[in-house]
Amino acid sequence: AGRIDTAIKLFYSMPNYGVSPNTITCGCLTDCLLRNGRTSETLDVLRYMKKHRVAPSEVMYTSLMTSASKLVQFENEQRNIRFGSDVSPLPLPSSLSASSSSSRPSSPRQGQRRGKGPSLAI
């Protein structure tokens, strides 16, 4: 955990030394944060990227999709804290829910390629 905290400090201090975090820097940091369950900090890095127009890489998309259910759960918890329990939770995409893995269609849907799965338009 100490190394992750150091990486976060270095990330945010880079501009002080005339260096801007790029796609690789942001991708490495978000992957490390996601693997260690540090969702809040991951979202902070993603907001930084959006603000500074740093485009995510394909590898970063893979890390985010792998952890998407954790991110949705975290966002729902934050919404409940801010707005109370009257707010309905964000739905988890059916492709990520546990029940959908056993009910895959036997033939590809229109627009999907055959083989290892759907192609992503990034």
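**View 1. The chain is built from 5 helices and 0 strands.** Its elements run α-α-α-α-α from the N terminus on. Helices (H or I, at least four residues) and strands (E, at least two) are DSSP runs, numbered from the N terminus. Of the 122 residues in the chain, 25% are buried. Buried means under 20% relative accessible area, exposed over 50%, and partly exposed in between (1.4 Å probe, protein chains only). The chain exposes about 9,300 Å², by the Shrake-Rupley method with a 1.4 Å probe; for residues, only the protein chains shown count as cover. Carbon and sulfur atoms supply 54% of that area.

**View 2. Thr42 sits in helix H3.** The helix spans residues 39–51. Thr42 is buried, with a relative accessible area of 0%. Leaving aside neighbours within four places in sequence, Thr42 is in contact (heavy atoms within 4.5 Å) with Thr30, Leu33 and Leu34.

**View 3. Arg53 lies in the loop between H3 and helix H4.** Helix H4 covers 58–66. Arg53 is exposed, with a relative accessible area of 78%. Its phi is near 55 degrees, a positive value in a residue other than glycine. Most residues other than glycine have a negative phi.

**Notes.** Residues are numbered from 1 along each chain as its sequence is written, and side-chain values use heavy atoms, with hydrogens and water left out. In this predicted model, local features need pLDDT of at least 70 and side-chain atom pairs count only at pLDDT 80 or more, while totals for chains, interfaces and linings use all residues.
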